[in-house]
Amino acid sequence: MHPVGDSTRVSVDKLTDDDLPWGDVEVDVSYSDLNFKDGKVMEAGSPIPQHLPIVPGIDFVGTVTHSSSPLFAVGDEVVANGFGLGTDRDGGLTQRTRVPGAFLLALPSRLDQRRAAAIGTAGYTAGLAVEAILEAGVRPSNGPLLVTGAGGGVGTIAIAVLAQAGFDVVASTGRADQLRDSLLRLGAREIIGRLPAEAGDGLATPTWSAVVDSVGSTTLASALAATRYGGVVAAVGLAQGIDLPSTVLPFILRGVSLLGIDSVYASEYRRRRAWDRVANVDHELLDSITSVVGLEDAASVSQDVVAGRVHGRVVVDVHK
């Protein structure tokens, strides 16, 4: 991405070793992928990149080609998410990069590189949310669990992982008719439309034992209002907005907990737990919701992701 007046230009350019960012591990990148945040970064005039020019891409999967870090050796397969990739420093939409070893995790043994990219930051974030819900003590016997933004990257992986863990998953999406069959295949028991904005006292009929919300705004407020006593809501995104027009009543009358899920600076322990969780997702299901594009198409497809026109996961083959 390059500055052009008050806006930006996204293009595929040739770089040299001198252009690589700082770090003690060099990686040949095989794949990146497209998340909602990638699309927001690559919007014209986006305020998210901390400097320009910058290589976008908030994650990558690849193979170590040089390392002075004790953590990794040449030939290791690795995955990286967050730590300012694609926003504060050059990211994963490149064929080669350099990062600190602390940014990396060993590729889970159950995944090849393409499938790890298909899970990507959205799926890894879903894993963080599921782990947080389980740590809070919610179990399948507690009742139905809601996933909002069910057609997006976080939502689709969350549904698959939660259904595999035995939860009774209800999927909420603005594309219910279009995505019904796909979401049912992923493991959702029921598909519903977008949640209505809650008015009045901030409480609704208690329905959900837990919620994974990637939408924010009135959707998150509605989810909180309808969460059962002692339930938990994991907030992971802002597709609808950053506001939260709610009240304190779900918290002080029903003991509901709102859990913030940060995928950028999560501890190594939490990152490993999340990846171990999502690595067990049914690979055939994952393949069925994955499409592959090349670098030349990444910018335009990223805007489809932001606009909600993409279902599932988009892998970027950086050599395509």
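Predicted model: local features only at pLDDT ≥ 70, side-chain atom pairs only at ≥ 80, totals over all residues.
## Thr227 and its surroundings

Thr227 belongs to strand E12, which spans residues 227-235, and its relative accessible area of 0% means that this residue is buried. The side chain of Thr227 makes a polar contact with the backbone oxygen of Ala223, at 2.7 Å.

Leaving aside residues up to four places away in sequence, Thr227 is in contact with Pro206, Trp208, Ser209, Val211, Val232, Val233, Arg254 and Val256.

## Nonpolar cores

The largest nonpolar core comprises 54 residues, and Ile159, Leu162, Val212 and Trp275 have the most contacts inside it. At least two residues of this core come from each of helices H2 (113-135), H3 (153-164), H4 (176-186) and H7 (268-278), and likewise from each of strands E8 (145-147), E9 (169-172), E11 (208-213) and E12. The most is given by H2, with 13 residues.

For Ile159, the contacts that remain when residues up to four places away in sequence are not counted are Val147, Ala150, Val169, Ala171, Leu183, Leu186, Gly187 and Ala188. Another core, of 25 residues, lies apart from the largest one and includes Phe60, Val64, Val293 and Val314.

## Cavity

The count of cavities of 30 Å³ or more comes to one, and the largest cavity holds about 50 Å³ of space. Its lining is formed by Leu15, Asp19, Leu20, Pro21, Val55, Asp90, Gly91, Thr94, Arg96 and Thr97, a set that divides into four nonpolar, three polar and three charged residues.

Terms used:
Residues numbered from 1 in each chain as written. Heavy atoms only, no water. Helix = DSSP H or I, 4+ residues; strand = E, 2+ residues; numbered from the N terminus. Buried < 20%, exposed > 50% of the residue type's maximum accessible area, 1.4 Å probe, protein only. Polar contact = N/O pair within 3.5 Å; in protein donor to acceptor, adjacent residues only side chain to side chain. Contact = heavy atoms within 4.5 Å. Core = buried A, V, L, I, M, F, W, Y, C linked by side-chain atoms within 4.5 Å. 1 Å grid on protein atoms, 1.4 Å probe; cavity = no way out; pocket = protein on both sides within 12 Å on 5 of 7 lines; lining within 4 Å. Points joined across faces, edges and corners; volume = space filled by probe spheres on them. Nonpolar A, V, L, I, M, F, W, Y, C, P; charged D, E, K, R; others polar.
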